[in-house]
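User: I am new to this structure and would like to learn how to read its features one at a time. Please give the general idea for each, then the case here.

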Amino acid sequence: MQVTMLLISAFGFLSIASHAQQSWEIDKNKDGIIVYTKEEEGSAFKSFKAVVTIHAAAGEIVEILKNADDYTKWYGYTNTSALLKEEGDTQYNYVETIFPWPYSNRDMVYRMSVNASVNGVIKILLKGMPDYLPEKQGIVRMKKAEGYILLQPIGEKTEVTYVFHSEPGDNIPPWLANNSIAELPFRTLSGLRKLLKE
């Protein structure tokens, strides 16, 4: 009985410790945009969660997200982008992301699926498809990328939550990527908000 209780206590402690390790921590809080990061199990690279409230309808934001050809105008560190294919509420977008010298740019094809609920909440699922296109010379294909954008209506405004994790591949040091991870979602949501104001 005593051994059983000790085991239960030990597993309980490990569970709490594991949960604590994986909880979100504020990395950047500026201009009404909060970016959280956390350790991702099984990866040396952190995940991010960015939140902002924008004075726009969720439908307006969806239209901008679906217009992949214009990502370079607002999406953080985007060098080139294009809509490759559209199938109902799902589309495939090509995105080349700018990486600092001496590292090569990264690219990925993202499957983007728009799911709407009865209460007006919209969840846009993002899934990297590394084998969708042949790799391009001089650009490194990312190994993994997955996340979502959640749009929750609040009166005339929309709360945008952007959650994402990726494996950049090649020789990017995890400490370097993790130190600057908050900048991409911050620039992305800043750009989205600015575009909606114009």
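Analyst: Start with strand pairing: two strands pair if DSSP finds at least two bridges between them. Helices (H or I, at least four residues) and strands (E, at least two) are DSSP runs, numbered from the N terminus. In this predicted model, local features need pLDDT of at least 70 and side-chain atom pairs count only at pLDDT 80 or more, while totals for chains, interfaces and linings use all residues. Residues are numbered from 1 along each chain as its sequence is written, and side-chain values use heavy atoms, with hydrogens and water left out.

User: In which sense do strand β4 and β5 pair, and over how many bridges?

Analyst: Strand β4 (residues 78-87) pairs with β5 in the antiparallel sense, over 8 bridges. Within this pairing, Ser81 is opposite Val95 in β5. The hairpin of β4 and β5 has 2 residues between the strands, and Gly88 takes a positive phi near 60° there.

User: What joins β2 to its partners β1 and β3?

Analyst: Strand β1 (residues 25-30) runs antiparallel to β2, with 5 bridges between them. On the other pairing, β2 and strand β3 (residues 47-54) also run antiparallel and are joined by 5 bridges.

User: How do the side chains along a strand arrange themselves, and which ones are buried in β2?

Analyst: In a regular strand the side chains alternate between the two faces of the sheet. Burial is read from relative accessible area: buried means under 20%, exposed over 50%, and partly exposed in between (1.4 Å probe, protein chains only). In strand β2 (residues 33-38), Ile33, Val35 and Thr37 point to one face and are buried.

User: Which residues other than glycine have a positive phi?

Analyst: Asp31 is one of them, with phi near 55°. Asp31 is in the turn of the hairpin that β1 and β2 form, which has 2 residues between the strands. Its relative accessible area is 52%, so Asp31 is exposed. Tyr77 also has a positive phi, of about 60°, although it is not a glycine. Tyr77 is placed in the loop between α2 and β4, and at 28% relative accessibility Tyr77 is partly exposed.

User: Where is the cis peptide bond?

Analyst: The cis bond joins Trp101 and Pro102, with omega about 10°. Pro102 is in the loop between β5 and β6.

User: How should I read the spaces inside the model?

Analyst: On a 1 Å grid over the protein atoms alone, a cavity is a set of points where a 1.4 Å probe fits but cannot get out, and a pocket is an open set with protein on both sides within 12 Å along at least five of seven lines; lining residues have an atom within 4 Å of a point. Grid points are joined across faces, edges and corners, and a volume is the space filled by probe spheres set on the points. The largest pocket holds about 760 Å³ of space. It is lined by 33 residues, and those closest to its centre are Thr97, Phe99, Ser166, Ile181 and Leu184.

User: How many cavities of 30 Å³ or more are there, and what lines the largest cavity?

Analyst: The search finds 1 cavity of 30 Å³ or more, and the largest cavity has a volume of about 50 Å³. Its lining includes Ile61, Trp74, Tyr162 and Leu192. The largest share of that lining, 3 residues, comes from α4.

User: What does an aromatic pair look like here?

Analyst: Rings of Phe, Tyr and Trp (its six-membered ring) pair if their centres lie within 6.5 Å; planes under 30 degrees apart count as stacked, over 60 as edge-to-face and the rest as tilted. The structure holds 9 such pairs. Phe48 and Tyr162 form an edge-to-face pair, 5.0 Å centre to centre with 80° between the planes. Phe48 lies in strand β3 and Tyr162 in strand β10, so this pair ties together parts that are 114 residues apart in sequence. Both Phe48 and Tyr162 are buried.
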